[in-house]
Amino acid sequence: MTSPEPVVITALGVVSALGRGVQEFAAGLRRGDCGIRHFLSPFPRTGAFLPDFSAVDFLRTLPECPGEVQRIAQRVLRQAPESAQMTVAAATEAWLMAGLHLMPIWEERIGIIIGGNNISQRYLAAGWRRFEDTPDYLSPRHAFLSLDTALVGLVSEVLGIHGCGLTVGAASASGNVAVWNAKQLLRAGVADCIIVCCVSSELSSLEMHAFQLLGAAAPVSLESCPAALYRPFDATSQGFIPGEAAACIVLETASSARLRGARVWAAVTGASLSLDGSHLPHASTSGEVHAMYSALLESQLHPTEVDYVNAHGSGSIQGDRCECDALVEVFGEKQPWVNSTKSLTGHCLAAAGLVELVACTLQMSEGFLHPNRNLRQPIDHRIRFVGDQSVATPLKNVLSNSFGFGGFNSSIVLRQPGMEFGNVFVAGEKIQSASWN
Amino acid sequence: MTSDQIFAVVKRVVLTVLPDVSPEEIQPQRSLAELGANSIDRLDVTMGALEALHLHVSMVEFAGVSNLQGLVSVLERHLTGNSQT
C-alpha cells in the first residue's frame, strides 16, 4: 500500500489584536504581548478585540495586493459583518503569500473552507435592534450576509476562486476540524489547494452574558488590569477572556507545492476528530487522550518525538484540569513543552484552533516558544509549561489541541518540512531529503 | 426640499452603496445599472434614500423607475405629499 499524499502548509495569514499580519503577529508571540484591553463600545466588554477593523485598509498595506482585489473587496464588504472584514483580510494575506496571484493553480482546483458556526452574532443582534426600530429600512442584504456561508462566497469573489467551498462547524474546535477536513479533501483529490480560514465568533452582550453564567468566561471588572486577567493553567484562573481574530492557512498537496515551487512552512502529518457523546460544554480527559493518540498514530510518531504541544488551554477550571491529565497520560514522564496562545490573543473561539496552528507554524519556523502569560501557580507540576519568557529551541514535531462545546476533540500534528518529501522547494531552494520510511 | 436637494441626497447614498463610482459619473439621466449596480444594490439605494429622507413608501411605487431622475421624482412626490398633511 502506498503512503497517502503528504499535505503541506504553503502560506499563512492572520489578523489579531496581537498583530495585524503574519510578521506583526510573530513578533507579538515572541515578545509575549497581550492584546486584551477594556472597551466601552458597542457595549462594555473586555477582550483582545479589533474594533472597526477594515479589510480594505489592511489590503492596502499588503505589497503586491492587486488593485482589482481591493476594488472588489471594497464593494462586497460594504455592510458586511465585522467577521467578514477580518476573514477577507487574513485570506488575502495568505493567498498572496502562497503566490496564488502569480502562480495560479487552475481556479477550479482551489477550494475554500471556512471553519466556524454561528459566526456573525453581533451583526444579527444589531440587525434585530434596527429591524424593531425601523422595519421599513431593512437592507435586503441581511438575508444572505447573516449566513456563515456568506464568508465562503465573499472570499471566493474577492480572490476569484471556483473550486469546492463549504463551512465546517465544531464550536471552538472549528479551526482544527477545518484543517482535518481540508486534508481529507486534498487526499481524496477533490482539490490541489484549499484556503482554510477561520474567524472568531462575534459575541453580542447576550452571548457574553451566557458564557459568564455558564462559568466559562471570566467575570471582569473594568478596574482590573486587562493584561493580567487571562490565566490558563493557573490556580487563580476564572475562565476565558474573548479575543477577535481571523487566521488562514493554505493547505496543498505536496505534489502541487512542488510543481509550483511554493515555500513549504510545515507538513500536516496527523489530524484527528472524535466526539465525547455529549452535547454539554464539559471537557473529557479520555476524549482528549484519544484525539492526541489518533493524530500521533497517523503521524507515525511516538509521543516522545513530540517537542511541543500548543494546548487548548482555555482557562476553564475543569477544561484545564482535564487537559493536564490527558497530557500526562499521553506523554508520561517525558513531557513536551506546553503553552497556551490564548493568554496572548484571548480565546478566539471558532478561530482559536487556526490562530494557534498559525502560531505553531511560526514558532516552528523561527525556533522559539512564546511565553505563557500570567502562569504563576501552575495547576499541575507534571506539565513542562513555558515560563513568562520566550524560549529559543528547535521544534521538529508539534501537536496542537482544540476542543469544543458539544464534545469535539481534535488534534493536529505538524512537522518541520523536508523530512518526508522527496524534493520540495523550501523558500525557493530545492532540498534533498530522507524518504518517508 | 427641492428636486436638486433630493438628488444630492440620492447621490450621497449611491456613493455609499457603490464606493468605486466617481461622483461625476452620477448624473440624473444615468441609471443605477449603468453605474454597475446589481438588483440588490438598487434596492439598497432606494432604501438608503428613503431612510435619509425619513419617508415610508411601498417598493411598488418605484416599479417604473428607469434612471436616477425617476427615483428623485417618486421621492419628491412623496415628500410633497408629506408636507401637505
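In this predicted model, A94(A) is in contact with A11(A), L12(A), G13(A), I195(A), C248(A), I249(A) and V250(A), leaving aside its neighbours within four places in sequence. A94(A) also belongs to the largest nonpolar core, which has 138 residues. A94(A) is among the residues with the most contacts inside this core, together with V155(A), I195(A), V196(A), A246(A), I249(A) and A351(A). Helix 4 (residues 82-97) of chain A contributes the largest share of the core, 10 residues. Another core, of 16 residues, lies apart from it and includes I6(B), V10(B), A49(B) and L68(B).

Where the chains meet, 9 residues of chain A are in contact with 10 residues of chain B. On the chain B side, helix 2 (residues 39-52) of chain B gives the most, with 6 residues. By class, this side of chain B has 6 nonpolar, 1 polar and 3 charged residues.

The confidence scores are as follows. For the complex, the predictor gives an ipTM of 0.85 and a pTM of 0.92. In chain B, 95% of the residues have a pLDDT of at least 70.

How values were computed:
Residues are numbered from 1 along each chain as its sequence is written. Chains are lettered from A and ligands numbered from 1 in the order in which they are written. This is a predicted model: local features need pLDDT of at least 70, side-chain atom pairs count only at pLDDT 80 or more; totals for chains, interfaces and linings use all residues. Two residues are in contact if their C-beta atoms, placed from the backbone, lie within 7 Å. Helices (H or I, at least four residues) and strands (E, at least two) are DSSP runs, numbered from the N terminus. Ala, Val, Leu, Ile, Met, Phe, Trp, Tyr, Cys and Pro count as nonpolar, Asp, Glu, Lys and Arg as charged, and the others, Gly among them, as polar. pLDDT is the predictor's confidence in each residue, from 0 to 100. A nonpolar core is a set of buried Ala, Val, Leu, Ile, Met, Phe, Trp, Tyr and Cys residues joined through C-beta atoms within 7 Å. A residue is buried if 20 or more other C-beta atoms lie within 10 Å of its own, exposed if 12 or fewer, and partly exposed in between; C-beta atoms are placed from the backbone.
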